[in-house]
Amino acid sequence: LRTTAVARVKNFLIQKIDALKKPKTNLQILQRSVLVRYKFFTQFLAEHHPTVADEIRTYYIKTMSGVYLKHFKYYTTCLQKLELENTPTRMDMIVSDQTGGSAMSLLSTFGLAKSTNLKDKGNVFSLAGRDSILQDLEKDPIIAHAQQNKVKYYHEQLFRSHQMLLMDTAASEFVFLNDFFDTQGDPTLFDAVFGNTTQFFLDSLETFLASCWDSVGLLLMIRIVDFYRKCMQRRQVSCLDSYLDALQLQLWPRLRSVLDANIASLRTAAQQGESVPTNSHGHLVTRRYAELAASLHALCSAESGALVGTLQQPLHLMQVEVCHLLESMATKLEGVDSGLIFLVNNYDLVLSIFHERHLQRNATTGFEELLRDQVQNFVESQLMRRFPDLVSFVKVTEPLVAEIDEASARAQGHQQGVPAKVDVAKMEQVVRSFARDWRQETDRIHKSVMASFQNFSNGMGILKQTLTQLLLYYTRLHTIICKCFPQQPPPFQSELVSKTTILMEIKQYSRSF
């Protein structure tokens, strides 16, 4: 009687398991509403005929392993048809062989050549809304066969879709196995059922990564895996832990490899010295770097603290190398102050992109300091060119009168004259030349600054800083004269331009815009 019962139970369970192989079957509904109702049969077999119970488990493993593998292969194949056709290649580095080449090469770099449809080519360096996927991680997977309008997706969007489906399916299967076969949380049976499927995804990812140069997409995929790991932890289902670990162990090294290649492209360009800018405006390389760095910084949010530490070194190296390259390019520009203008424009371009992305202070500090230093160098260079006598005289003479206290000098009256090393004749020449030329030279500074800098607000700030520094130099000249002539003014006193007049002129330039 027991043998007959075992045989009938075995055939019954096999029939129910075979029903899972039928096309267009909703596996979860069939498992939860039909099979689970007969879980006492598996308990019966385990108690009265363990060998048959093992046969049923083996048959279930073989059946469902094939079913899941077939379903996921078909789904991913359908998804692949929706992927952007022109994905980033080895040429899509911050500095590629095409950067700075012929016009057609430059168009190709931007994806504007005739052979490429812009809708089929994604952004390589900028986020351009790609991070919106992080708000959609719990949305339903893409229904591949329903995409009649031929919408194209980035790879991370397809990755999210099939991993979301895998996570939900795996969680459901794990709970079902625990209930139907009484696995008591042991993942062995689950691994046997899902092993081929997870290996398929790992192999597919390995193949994809071998030719992937999309660092933004890679970092987004890392964020996706991290999110789904936390989801599984919240569900208290650990069956995919080793699989998710394996995904990260593939993604992180590839991301680092792509970032290292970008860093190497900057270093090689600086060492070879072949990148010669055609003007002092913001360079294509600078924009690419700024977009990529801003994207990586933005994706390292406070919620992903581990990412910040891991990416800190490559981001720092990338900043160092781009600065070396820009400095090298600046030396190749001809013309007075062209190199300084080039550096100011490019550092300002980086900061403009960083500020547009609302990056944290620690991401912008380095370039703010670089910009401040180069602006100061430009200001000093402009004043040295336009007012060489004033700047030189102040710098040389100031130390000679540094020990003189103006109030004490007045009290001593005629007992103390002009210090021996102070060139009074030169002082008079400086005063008269400044009185004669200062308006004209100030206007030249204004025209030079406004023509040099692409960012209008940055140019206005530099103009204000230059004219303010001019006023400071002239104020220091006044102080030197007062120390040298404490009792009565010098013969050329009447030719001194009042500081108020200069200040009004500075304000006039500010008002004109």
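Biologist: Lys332 first: what's its relative accessibility, and how does it count?

Modeller: This is a predicted model, by the way. Lys332 comes out at 30% relative accessibility, so it counts as partly exposed.

Biologist: Where in the chain is Lys332 found?

Modeller: In a loop. Helix 11 (305-330) is on one side of that loop and helix 12 (338-356) on the other.

Biologist: And what does Lys332 touch, if we skip residues up to four places away in sequence?

Modeller: Gly273, Ser275 and Val276. Take Gly273: it sits 59 residues from Lys332 along the chain, and the two C-alpha atoms are separated by 9.0 Å.

Biologist: OK, let me zoom out. How many helices and strands does the chain have?

Modeller: There are 18 helices and zero strands.

Biologist: What share of the residues is buried?

Modeller: Buried residues account for 48% of the 513. The chain exposes about 25900 Å², and 52% of that comes from carbon and sulfur atoms.

Biologist: And of the contacts between residues at least 6 apart in sequence, what share joins residues at least 24 apart?

Modeller: That share is 79%.

Biologist: What about charges? How far apart are the mean positions of the positive and negative ones?

Modeller: 6 Å, taking 55 positive charges and 52 negative ones.

Biologist: Switching to rings. How many aromatic pairs does the structure hold?

Modeller: It holds 22. One of them is Phe12 with Tyr38, an edge-to-face pair with 4.8 Å centre to centre and 80 degrees between the planes.

Biologist: Which parts does that pair tie together?

Modeller: Phe12 lies in helix 1 (residues 2-19), while Tyr38 is in the loop between helix 2 (27-33) and helix 3 (39-48), so the pair links parts that are 26 residues apart in sequence. Phe12 has 24% relative accessibility, so it counts as partly exposed.

Biologist: How do Phe40 and Phe41 pair up?

Modeller: Those two form a tilted pair, 4.4 Å centre to centre with 55 degrees between the planes.

Biologist: Is Phe40 buried or partly exposed? And what about Phe41, buried or exposed?

Modeller: Phe40 is partly exposed because its relative accessible area is 44%. Phe41 is buried, at 19%; the cut-off for buried is under 20%.

Biologist: Which residues do the ring pairs link into a cluster here?

Modeller: Phe12, Tyr38, Phe40 and Phe41.

Biologist: Next topic: backbone angles. What's phi for Ala128?

Modeller: Phi of Ala128 is near 50 degrees, which is a positive value in a residue other than glycine. Ala128 lies in the loop between helix 5 (103-109) and helix 6 (155-180). With 55% relative accessibility, Ala128 counts as exposed.

Biologist: Let's go inside. Which helix does Met164 lie in?

Modeller: Helix 6. Met164 is buried, given its relative accessible area of 6%.

Biologist: What is Met164 in contact with, leaving aside neighbours within four places in sequence?

Modeller: Leu137, Glu138, Lys139, Pro141 and Tyr228.

Biologist: And how far is Met164 from Phe190?

Modeller: They are 26 residues apart in sequence, and 18 Å apart in space from C-alpha to C-alpha.

Biologist: Last one: Thr286. Where is its place?

Modeller: Thr286 is in helix 10 (residues 284-299). Its relative accessibility is 0%, so Thr286 counts as buried.

Note on methods. Residues are numbered from 1 along each chain as its sequence is written. This is a predicted model: local features need pLDDT of at least 70, side-chain atom pairs count only at pLDDT 80 or more; totals for chains, interfaces and linings use all residues. Side-chain values use heavy atoms; hydrogens and water are left out. Helices (H or I, at least four residues) and strands (E, at least two) are DSSP runs, numbered from the N terminus. Buried means under 20% relative accessible area, exposed over 50%, partly exposed in between (1.4 Å probe, protein chains only). Contact means heavy atoms within 4.5 Å. Accessible areas come from the Shrake-Rupley method with a 1.4 Å probe; for residues, only the protein chains shown count as cover. Lys and Arg count as positive and Asp and Glu as negative; His and the chain ends are not counted. The place of a charge is taken as NZ of Lys, CZ of Arg, CG of Asp or CD of Glu. Rings of Phe, Tyr and Trp (its six-membered ring) pair if their centres lie within 6.5 Å; planes under 30 degrees apart count as stacked, over 60 as edge-to-face and the rest as tilted.
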